[in-house]
Amino acid sequence: MRLKLVALIALLGGGLSGCATYGVIDNHSQTENVTPQNYSLANYAAEHSRSDDITIVLAFSGGGSRAAALSYGVLEGLRDTKINIGDREVRLLDEVDLITSVSGGSFTAAYYGLHGDKIFTNFEDDFLRRDYVSEWLYGIASPLLWFSNKGRTDIATRIYEERLFKGATFADLNQRNGPLVLINASDLGGGVRFSFVQEYFDLLCSNIASYPIARAVTASSAVPVMLNPVVLQNHKGCYNPAQNYLEKLDEKKIKEAQLAPQLIDTLNALRSYQNRDERKFIHLVDGGITDNLGLMAFYELVEIGGGIANFMERIGSRPSKRLVIISVNASTKPRYNIEHTNKIADIEPIISAVTDTQLHRYNSATISLIRRSMERWSEELSTYWEPIEPFFIEISFDGIQQEQRRVFFNQIPTSLSLSEEQADELTRAGVELLQHNAEFQRLLYEIEGKD
């Protein structure tokens, strides 16, 4: 009922608006605001100080506050896991090189990227225990919004600014010696993922340094209809290495490498940003639409960027002994009542069932692709004397052994509001699912047994 109310108020808010709604443009032209150190792969390579013995990538899925809480629990588990590298003991969390996220997972990723260990003292009160749905509903129900040119997305961004990010931009994110955080949204016009990193902003002749983190997270979690798209301007007047690289990229080599067919579509979509007269404004919505696990964004960075060896070089890391991807998948398999009767179901459960079916099928295909790719990447990086071992660690509710507890998690709706019990149980599940994961235990055994 509450989700129906949210949709109704959102539609009424849009219908009652006395003015046309326009997306706020926050991305500056490169020619207007040139900053030498932007949030990019190249600058990350110059700044990071993690060990080259292990490469760790975290992928945080969509799923509203449910995904944020589960991801937060995994961060806690990594914090509490100590390993020995060389002659020193380190937290496994401090060896994370990159976090890629979509939708609900982007709240956790961005907060950790900006605040570091403060996440473990502040995030629960700042996010997990707040009812952001009610705050947002209060904002869009205001008659002041109905007769302004601001949209529902502006209300969400303002709330995230005040509660979570305090006006921080990507220049602030660039100052921390933490992992590279890749916040991902979906480009409606291009049908492609859009990552908030300078390499993507280069394609728009724009500078990411002054862009608000709150608006990037809003774009990553902007569910269509509920929220308006976040809009970026495709500026004119520049030519940079990113554009030059895409122009010269050999599609034949991509096909010969037996990679995913959608890479060619992605490549063409990225090239389309050069059509600045046709694509003046880029409309971004929920990243989960194009990749609910956050894994494809990393995959495309690697493959379109010239392969895993080139990617490792760009982030300033030599081939590590172990390549680790931890996928935190908060998607659910709720029970529907439509099979209890021959009564024709309402539209809402039908849409939910269809969406869940498509989502799980796409997730399965993505995970299969990543597993195959990790084997290939490891072979490409390995030498006879120093083989590279891949570890794909999947965290999901399927790992919950107790059926009643598994049902509890699968019935938590996708929303930006959790009960205290839900927040606590999801966080605890993230820790336990990581610690009890067989592949994670194999990783720890390999580190302690061979190093």
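This note sets out points on the predicted model shown above, from its confidence to selected local features.

1. Basis. Residues are numbered from 1 along each chain as its sequence is written. In this predicted model, local features need pLDDT of at least 70, side-chain atom pairs count only at pLDDT 80 or more, and totals for chains, interfaces and linings use all residues, while side-chain values use heavy atoms, leaving out hydrogens and water.

2. Confidence. The mean pLDDT (the predictor's confidence in each residue, from 0 to 100) is 84 for the protein, and 81% of the residues reach 70 or more. Over residues 1-18 pLDDT stays under 50, and the model has 28 contacts beyond four places in sequence for this stretch; contact means heavy atoms within 4.5 Å. Where pLDDT is low, the predicted coordinates should not be read in detail.

3. Overall composition. The protein has 20 helices and 12 strands, taken as DSSP runs numbered from the N terminus (helices H or I, at least four residues; strands E, at least two). Of its 451 residues, 56% are buried, where buried means under 20% relative accessible area, exposed over 50% and partly exposed in between (1.4 Å probe, protein chains only). Among contacts with a separation of 6 or more, 82% join residues 24 or more positions apart. The protein exposes about 20,000 Å², and carbon and sulfur atoms supply 52% of it; accessible areas come from the Shrake-Rupley method with a 1.4 Å probe.

4. Helix α11. Residues 213-220 form helix α11, which is mostly covered, with 8 of its 8 residues buried. Its buried residues include Arg 215, Thr 218 and Ser 220, as well as Ile 213 and Val 217.

5. Packing of α14 and α15. Helix α14 (residues 262-271) packs on helix α15 (residues 295-304) at an angle of about 80°, the axes lying 11 Å apart. Axes are lines fitted to C-alpha atoms, for helices over the stretch in contact, and angles run from 0 to 180 degrees between N-to-C directions. The two helices are therefore roughly perpendicular to each other, the term for angles of 65 to 115 degrees. On the α14 side the contact involves Gln 262, Leu 263, Thr 266, Leu 267 and Leu 270, which meet Met 296, Tyr 299, Glu 300, Glu 303 and Ile 304 in α15. These residues divide into 6 nonpolar, 2 polar and 2 charged.

6. Lys 280. This residue lies in the loop between α14 and β10 (281-285). Lys 280 is partly exposed, with a relative accessible area of 47%. Not counting residues up to four places away in sequence, Lys 280 touches Leu 232, Gln 233 and Asn 234. The C-alpha atoms of Lys 280 and Leu 232 are separated by 8.6 Å, although the two are 48 residues apart along the chain.

Conventions
Parallel < 35°, antiparallel > 145°, perpendicular 65-115°, else oblique. Nonpolar A, V, L, I, M, F, W, Y, C, P; charged D, E, K, R; others polar.
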